[in-house]
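Work through the exercises below with the model at hand. Each task is followed by a solution in steps.

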Amino acid sequence: MSGDSDCTRTSPSAGSPSDNELLPDPPKYVCSLSPDLVTKAREELQEKPEWRLRDVQALRDMVCKDYPSLGTCLDDAFLLRFLRARKFDYDRALQLLVNYHTCRRTWPEVFNNLKPSAIKPVLESGFVTVLPHRDPEGRHVVCIRPDRWTPSNYPITENIRAIYLTLEKLIQSEETQVNGIVILADYKGVSLSKASHFGPFVAKKVIGILQDGFPIRIKAVNIINEPRIFKGIFAIIKPFLKEKIANRFFLHGCDLNSLHQNIPPVILPEEYGGTAGKLDISAWNELLLASEEDFLRDFSQLVLPCDSSPHDMLVSGDADEKQCDDSLRGMKPQLYYCY
């Protein structure tokens with residue numbers, strides 16, 4: 001079975017074509033995984049090649065039945081991302097897909113006009129980039145450097161937009177869907193004033209996306225050069241983290257040898273004691289900016305219904321915002337204490 005049966009390529013929504021209009025046939029899925037990755041996907045993700053398209057069709061049918069106005073892309077390759085991220089558990093994959101759209105609809109500051117050219121200043125600052133070489137497990141390393149952000153230049157949401165687009169680009173690769181990614185966050189020079197921008201409300205939103213609203217497997221988060229203030233930042237983040245994710249955080253301080261136990265020096269730039277030359281952000285920036293048309297095409301398939309208020313979604317809106325505002329009152333004293 002493939003995506004051209006039962007449902008149209010995009011699930012119906014307000015303003016979408018009528019049932020009588022025929023949309024172009026969706027692209028036929030062709031697996032790009034190597035034999036080794038096929039084996040890995042079978043062992044780690046319960047992905048069976050002989051059942052793959054059957055599983056995709058099952059998820060597609062669930063979307064059409066339970067969320068007919070979701071406005072999602074229904075292509076095989078797109079739905080497969082969510083199945084892999086939830087180890088082919090249909091119910092969990094469906095919830096992830098619904099959460100993915102909920103996050104996009106409930107945070108307009110991040111998701112409106114989301115395209116690479118719109119976050120070019122963030123890319124040029126070097127706040128986020130992807131190292132050119134994968135680690136021994138075949139995982140890309142996303143490097144985040146908060147010290148490159150000047151709050152007076154643009155709000156913190158611009159940084160989040162840049163991270164999100166980076167993840168969207170990475171997850172297009174089936175290899176990344178199977179292997180996951182590693183994050184390297186360098187907190188050198190992060191001050192109290194800069195840390196205060198990352199309050200509970202923003203933290204809850206970001207972690208909600210990364211844990212429950214985006215089809216990517218985060219296998220490790222390596223924190224380097226964290227100042228004392230990071231204790232306060234992590235205290236804000238930790239209540240929102242699931243135990244499995246919290247256990248994947250590694251705090252290295254200034255100990256490069258500790259970092260090298262998790263990420264080998266051969267793929268690290270000189271700035272982190274590696275042998276891969278100076279950190280170069282230009283290649284990733286060029287790749288992301290060159291993908292502008294691809295993003296516009298892909299995001300255009302994610303139709304926003306006029307009455308987008310599905311139940312059972314991740315973000316509960318005003319209630320969560322009020323709860324986070326209450327938490328915010330106690331944040332700054334805690335940060336000052338740690339600082």
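Contact here means heavy atoms within 4.5 Å. The model is predicted.

**Exercise 1. Which residues does H140 touch, not counting residues up to four places away in sequence?**

Step 1. Locate the residue: H140 lies in strand β2, which covers residues 140–144.

Step 2. Apply the contact cut-off of 4.5 Å between heavy atoms. With residues up to four places away in sequence left out, H140 touches V130, L131, R134, L170, T176, G180, I181 and V182.

Step 3. Look at one of these partners, R134, again: the side chains of H140 and R134 are joined by a polar contact of 3.2 Å.

**Exercise 2. Is H140 buried or exposed?**

Step 1. Take the cut-off: a residue is buried under 20% relative accessible area and exposed over 50%.

Step 2. The relative accessibility of H140 is 15%, so H140 counts as buried.

**Exercise 3. Describe the surroundings of S125.**

Step 1. S125 belongs to helix α6, residues 120–125.

Step 2. Its relative accessible area is 18%, and S125 is therefore buried.

Step 3. A polar atom of the S125 side chain lies 2.6 Å from the backbone oxygen of V122.

Step 4. Leaving out residues up to four places away in sequence, S125 touches R148 and Y154.

**Exercise 4. How do helices α2 and α3 pack, and which residues make the contact?**

Step 1. Two packed helices are described by the angle between their axes and the distance between the axes.

Step 2. The axes of α2 (residues 52–66) and α3 cross at roughly 90° and come within 9 Å.

Step 3. Angles of 65 to 115 degrees count as roughly perpendicular, so α2 and α3 are roughly perpendicular to each other.

Step 4. On the α2 side the contact is made by R52, L53, D55, V56, L59 and R60, and on the α3 side by D76, L79, L80, L83 and R84.

**Exercise 5. At what angle do helices α3 and α4 pack?**

Step 1. Helix α3 (residues 76–85) packs against helix α4 (residues 90–106) at an angle of about 120°, with the axes 8 Å apart.

Step 2. This angle makes α3 oblique to α4.

Step 3. The crossing of α3 past α4 is right-handed.

Step 4. In α3, the residues F78, L79, F82, L83 and A85 meet Y90, A93, L96, L97 and Y100 of α4.

**Exercise 6. What percentage of the 339 residues in the protein is buried?**

Step 1. The protein has 17 helices and five strands.

Step 2. Buried residues make up 52% of its 339 residues.

Notes:
Residues numbered from 1 in each chain as written. Predicted model: local features only at pLDDT ≥ 70, side-chain atom pairs only at ≥ 80, totals over all residues. Heavy atoms only, no water. Helix = DSSP H or I, 4+ residues; strand = E, 2+ residues; numbered from the N terminus. Buried < 20%, exposed > 50% of the residue type's maximum accessible area, 1.4 Å probe, protein only. Polar contact = N/O pair within 3.5 Å; in protein donor to acceptor, adjacent residues only side chain to side chain. Axes fitted to C-alpha atoms, helices over the stretch in contact; angles between N-to-C directions. Parallel < 35°, antiparallel > 145°, perpendicular 65-115°, else oblique. Left-handed = near helix turned anticlockwise from the far one by under 90°.
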